[in-house]
Amino acid sequence: MSNQEVLWSPPQEEKISSLLKNRSFIFLWLSSTTSFVALSTYLFAEQWYIITVLKMESALGIVMMMTMIFRVLFMTIGGVWADRFRRSRIMLVSSFIRCLIVIVMIFFLQMSILEIWSLIGFAIFFGIVDAFFSPANTSLLPLLVSNGSITRANSFIQSSNQIAMFSGPMIGGWILSKGSFSLLFSMIAAFLFMTFIFSFCIGEQKRNDPPNNNSTKDELLDGLKYVWNMSFLKNMLIILIIVNFFFFGPLQMGIPLIVNNVIKGEALHLSFLQSSYQGGMLAGALTVGLVNFRKKRGLSILIIINVLGICLSLLGFINLLWQGIFLLSIMGILSSVINVSLISIIQEKSQQDKIGRVMSLVNAFSNGLVPLSYAFVSMALVMNMTISNIMLYCGCLIMCISLLYIFKPNVIKSVN
């Protein structure tokens, strides 16, 4: 990075004890965690309400699609706003509005008018408002910790987010076993209010940026141009798109099919396999935080992606449960290492006045392709391809692409 691109000089690497004494980081960490708990619990409540109360299983995909599509679309605008306004304030407003949305849902529920169309409307609004939280959250982190501690800080946050996403359905199921949907939505509102409080306590320094008269569209195009002209950012984005498209669809759709068609298992076996992957992701995030490796990261990430492709290819041909648990645990660890490392590199290398747009574009492109990945797998299954062959071909493709990048020295240099 040239001298002109460095907008501030961060302190040297902080130790774990110093990071935990960083008040602003602690509140950012807490706000991210409670927001993810609220999101995962909300998605669970939304799904279970449609299935058990409305009895409209066929509408489940539509509501989920509305929630995620609008979240991805508006995330790019959220990135522009994160570069223009105080990020902690965006997080504060986003969490408060989401809390109000859930409170209105409780009112609809009490009036017995929470039907499918109103639920779709709430899903759209919730997804839109939530889209502004993520870019502000991820782009604020580099301002609160030193460059040397970004990987470790991301590890803490990603570990907590994994626990939060895993805990949401468990919390929802426990509440519904003891209470009602009103109580469940009230708990979601409580988590969002906690996010609001934690965001308020972050203590971000007031920004002294010069007045910006550019439109949101111009700012977004400027962000796209910046990403495309910076070789390491462009390569990181391409790698993320490839991994998300050819990995997550076959994996997420393939696990239930492997249980049913390959190992001839039951629901308990499915839970073992899914928990193995989530547990691996948690272990991977914790490992990155403890090790905090910073040498030859570009080459390391590409090698890990290659191994991930090998594991995906092998997963479709298991015949025993323990083999699936072993492979998915390894894949979870590798996925988490890739995720934390890539995010940390992007945060370190990006200009601070553009990092909101960069992170929003990364999230939008990577997450936005996951539904297309599901559609790709569905089409392959309709064409009578087995899930084992789909995993084999996708895994081999991931391996080939990662090897292509490994043997391009200029790419490796750009991401180290």
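This is a predicted model: local features need pLDDT of at least 70, side-chain atom pairs count only at pLDDT 80 or more; totals for chains, interfaces and linings use all residues.
Local features need pLDDT of at least 70 and side-chain atom pairs count only at pLDDT 80 or more, whereas totals for chains, interfaces and linings use all residues. Residues are numbered from 1 along each chain as its sequence is written, and side-chain values use heavy atoms, with hydrogens and water left out.

The structure holds 14 aromatic pairs. Rings of Phe, Tyr and Trp (its six-membered ring) pair if their centres lie within 6.5 Å; planes under 30 degrees apart count as stacked, over 60 as edge-to-face, and the rest as tilted. One of the pairs is Tyr42 with Phe126, which is stacked, at 4.0 Å centre to centre and 5 degrees between the planes. This pair links distant parts of the chain. Tyr42 lies in helix α2 (residues 23-52) and Phe126 in helix α5 (residues 116-144), 84 residues apart. Helices (H or I, at least four residues) are DSSP runs, numbered from the N terminus. Tyr42 counts as buried because its relative accessibility is 0%. Phe126 is buried too, with a relative accessible area of 0%. Buried means under 20% relative accessible area, exposed over 50%, and partly exposed in between (1.4 Å probe, protein chains only).

Phe245 and Phe246 form an edge-to-face pair, at 4.9 Å centre to centre and 85 degrees between the planes. Phe245 is buried at a relative accessible area of 18%. Phe246 counts as buried at 19%. Ring pairs also join Tyr49, Phe181 and Phe185 into a cluster.

A charge meets a ring at Phe133: the charged end of Arg98 sits over this ring, 5.0 Å from its centre. The criterion is NZ of Lys or CZ of Arg within 6 Å of the ring centre and within 35 degrees of the ring normal.

On the surface, Val93, Phe96, Ile97, Leu100 and Ile103 form a nonpolar patch. Together they have about 390 Å² of accessible area (Shrake-Rupley method, 1.4 Å probe; for residues, only the protein chains shown count as cover). Patch residues have over 30% relative accessible area and no salt bridge, and nonpolar side chains are joined within 5 Å. A salt bridge is a side-chain nitrogen of Lys or Arg within 4 Å of a carboxyl oxygen of Asp or Glu. Ile97 belongs to helix α4 (residues 87-110). At 36% relative accessibility, Ile97 counts as partly exposed.

Asn137 is in helix α5. Its relative accessible area is 6%, so Asn137 is buried. Leaving aside neighbours within four places in sequence, Asn137 is in contact (heavy atoms within 4.5 Å) with Leu28, Ser31, Ser32 and Met91.

How values were computed. Helices (H or I, at least four residues) and strands (E, at least two) are DSSP runs, numbered from the N terminus. Patches are made of residues with over 30% relative accessible area and no salt bridge: like charges are joined within 9 Å, nonpolar side chains (Val, Leu, Ile, Met, Phe, Trp, Tyr) within 5 Å.
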